[in-house]
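My entries follow in the order I made them.

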Amino acid sequence: MIWSTEDRAAVLALMLLGTASAQTAPGRQETPIMGYNSYNDVACSPNETMIHDTIQSMSDKGFLGLGYKFFQIDCGWQGYDRLSNGSITYDDTVFPNGIAPLSEFAIGLGFKWSMYTDQGVYSCDTSYDPHRPGSLGYETQDAAMFAAWNTAYVKVDNCFVDPDQNAPKDARTDFPSRYAKMWNALQGVGIPNMLICQWGTPYQNTSTNTLQGPTAWAPAVSTSFRISDDISQGWTSTLRIYNQVIHASLLDLVGPGRFADMDLLEVGNPGMTVDEQKTHFAVWATFKSALMISTSVPRMTAQTAEILGNQDLIAINQDALGLPVKLIQRFSNDYDIFLGPLADGDKVLLIVDHSNTARTLSVQLTDVGISSATARDLWAGENLGSVSSVSQSLPAHGSMVFRLSSIQSAPSTTPEYQDLEAESATLANGASVSSCSGCSGGQKVGNLLSGSTASVTFTGVQASQSTVDVLFDYINCEVQYLGSSVPNVRTASISVNGGAGITVLFPLSGYDWYGDVLPSYKVRLSGFTSGSQNTITVQSASGQGNAPDIDRIRVPL
C-alpha cells in the first residue's frame, strides 16, 4: 500500500496518543459554534468540488468575518474500507485528492476545519448498501486521523449503535460510556470541541432508575450536545425543537460549557416563509444554539444572506455570558415572551407570534419586570430611544427582538400564593393520582386523556380580581421526534367557574414522568369572582391529545 502524507500523519498522531494528556485540549469554544455544515445542503452526498466551492463562497460572501468560522463536512465523506492500521479514511470516488487539501485550503482562508463521524458500527447515511464505517471501537485511530487533518471540531452521530438499527430513538444505558471514548480520544490528540448528536433521546440511568436528557450527562463528555431530533423543512419542525429546549433554559440546564445545539439552520431552504426563517434564526441566536449555515452558499439569495448576516443577533448569540433567553409567559396560540441577560447588563427581549395571522402586536415592558429601557430593534437595526412598550405590525409567525439597555426595573413585589395540590382536588371520570418524586407533595394527577372527560377541579380558589396569572407545576415528558406533527407540547382545556375553557399549550418539561416537573408555568385566566369560591378545571382539549400531568397550581393572593 502507498500511504499518502495525511495517512502517515495519522499514524504518527496515533503513536503520540499514548502519551497525550486526557485533560481538556486548549482551544475549547467558549461561545456557541458558528459555521457551515453540509447536511441540509447536500445530505450525505458531499464531494470535493462542492466543498471547495462552498469554502470559497463562505469567505467571499463575508461569513468568516461575521464569525462563521467552523467549516464542517457531514456524512458521506468516509471510504467504505479502513486503512491497514484500522484508521478511517476518505471515499476517493468523491474526494479524489483527499481531505487534507480541503482542510489546508479552509484553514488558509482563516476557517477552523471540522469533521463528522458516528459513534456506532456504521455511519448515518442516505444510502446504506454498502455501509460507511462508524467510529465505535476505532476511536483512537479515527481521532488520530482527524488530528492529521488539523480538525478543531467533530460532530459525533448516533446511528447503527447496533448493526441492524439505523437511528434508534429508544432509551439507552450506554450514552456516557460510549461517547466518553470518542471524547477522550479527541482530547488526547488536541481536538478540543465535540458535538454529541444523539437527537435528544433519553439516557436510562440504571443506578437511579430514571430517564435523563442530554443535559444530565453530555456536558461531561462534550462541548455541546443536541437537545432534539433533526430539524427538517417547515415551521412545525422548528416548533418541535423550540418547545423541547424551553424547559432546559427555564431549569438552568444549559449555558456556558453546556450549550444545547438545536440543529442546523434551515435559513435559505424551502419549507418556511421568509418571516418564519427570520423567527427561526432569532430563536436559535437568542437560545444560544450553534449557528450552522446549511444551505447552498454559492447560490444563496441576498435575502438569505441578510438574515444570516444580522450582526446584532450574532452578537447576542456570541455574548460572553452565554445564557439563553427564558420564557416569561406563553399566551397559547397567540404569542410568547422571552427575556435573557447579557454580559454588559443589557437584556434581550424576544417576542414570537403564534397566531398565524398578520396583525399589530403590542407588549408592555412591565410584563417582563421593566418600567422603561433604551431599545434597539435588532431586525430593523434601529435605535428606538427610551420606551415602556414595544409594538409592531407582525406577519404570521413573525418575531420582534430588541436589545434593552439603561434598564429601569419596575417596582418589585413578591406576592403570596395560595398553593393547591392536584391530589387534593376533585377528580372525575378517570383522572387519577400517582407517585411523583419531583412533585411538591410527592404525588401528581394524570390520566387526563384525549377523548375522555377526565378532569381535575381545584375548589376554594381565592381571587381579588377577574383576571389572574396562575402558576402551574406540571409534567410533560412525551418527547416528539422527526416526522411528528405534534410540536412537543401537551394541550389542556382550562376553565374558571365552569365557563368556556381556553386552550393552553404546555411545552416539554423533561424526560422522567415521575420527577421532571416544570414549575411556575404562567397561565393567564379570566372569569374569577371576588372571594374564595372559585374553581379551576383542567382536562384534555378536544381533539388535541392528552393533557399534561398536574402537580399543583399556585394562585397569587
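Is the disulfide of C124 and C159 left-handed or right-handed? I read the torsion about its S-S bond as about 95 degrees, so the disulfide is right-handed. I note that the model is predicted.

**Entry: C124 and C159**

I looked up where the two cysteines sit. C124 is in the loop between β3 (112-118) and α6 (139-148). C159 is in the loop between β4 (151-157) and α7 (175-188). The pair therefore ties together parts that are 35 residues apart in sequence. I find the two sulfur atoms 1.8 Å apart. Both C124 and C159 are buried.

**Entry: the other disulfides**

How many disulfides does the structure hold? I get 3. Counting bonded cysteines along the chain, I write the pattern as 1-2, 3-4, 5-6.

I took C44 and C75 next. Their sulfur atoms lie 1.9 Å apart. The S-S torsion is -80 degrees, and I log this link as left-handed. C44 belongs to the loop between α2 (39-42) and α3 (48-60). C75 belongs to the loop between β2 (70-72) and α5 (100-109). This pair links distant parts of the chain, 31 residues apart. Is C44 buried or exposed? Its relative accessible area is 5%, so I call C44 buried, the cut-off being under 20%. At 2%, C75 also counts as buried.

Then I checked C436 and C439. I find 2.1 Å between their sulfur atoms. The torsion about the S-S bond is 75 degrees, and the link is right-handed. C436 has 1% relative accessibility and counts as buried. C439 is buried too, at 8%.

**Entry: cysteines without a partner**

I asked which cysteine sulfur is nearest to that of C197, which is in no disulfide. It is that of C124, 7.1 Å away. I have C197 as buried, with 1% relative accessibility.

C477 is in no disulfide either. Here the nearest cysteine sulfur belongs to C436, 9.1 Å away. C477 is buried, and its relative accessible area is 7%.

**Entry: nonpolar cores**

I turned to packing. In soluble globular proteins, nonpolar side chains tend to be buried together. How many residues does the largest nonpolar core have? I read 124. W77, W113, F281 and F458 have the most contacts inside it.

Leaving out residues up to four places away in sequence, I list its contacts as Y68, L265, V267, L291, I307, L308, N310, L313, I314 and W379.

**Entry: positive phi**

Most residues other than glycine have a negative phi. I noted two residues with a positive value.

Where is D263? I place it in the loop between β9 (259-261) and α10 (274-286). Phi of D263 is near 85 degrees, a positive value in a residue other than glycine. D263 is buried, at 5% relative accessible area.

N488 sits in the loop between β24 (467-475) and β25 (489-496). Its phi is near 55 degrees, again positive in a residue other than glycine. I record N488 as buried, with a relative accessible area of 0%.

Notes: Residues are numbered from 1 along each chain as its sequence is written. This is a predicted model: local features need pLDDT of at least 70, side-chain atom pairs count only at pLDDT 80 or more; totals for chains, interfaces and linings use all residues. Side-chain values use heavy atoms; hydrogens and water are left out. A nonpolar core is a set of buried Ala, Val, Leu, Ile, Met, Phe, Trp, Tyr and Cys residues joined through side-chain atoms within 4.5 Å. Buried means under 20% relative accessible area, exposed over 50%, partly exposed in between (1.4 Å probe, protein chains only). Contact means heavy atoms within 4.5 Å. A disulfide is a pair of cysteine sulfur atoms within 2.5 Å. Helices (H or I, at least four residues) and strands (E, at least two) are DSSP runs, numbered from the N terminus.
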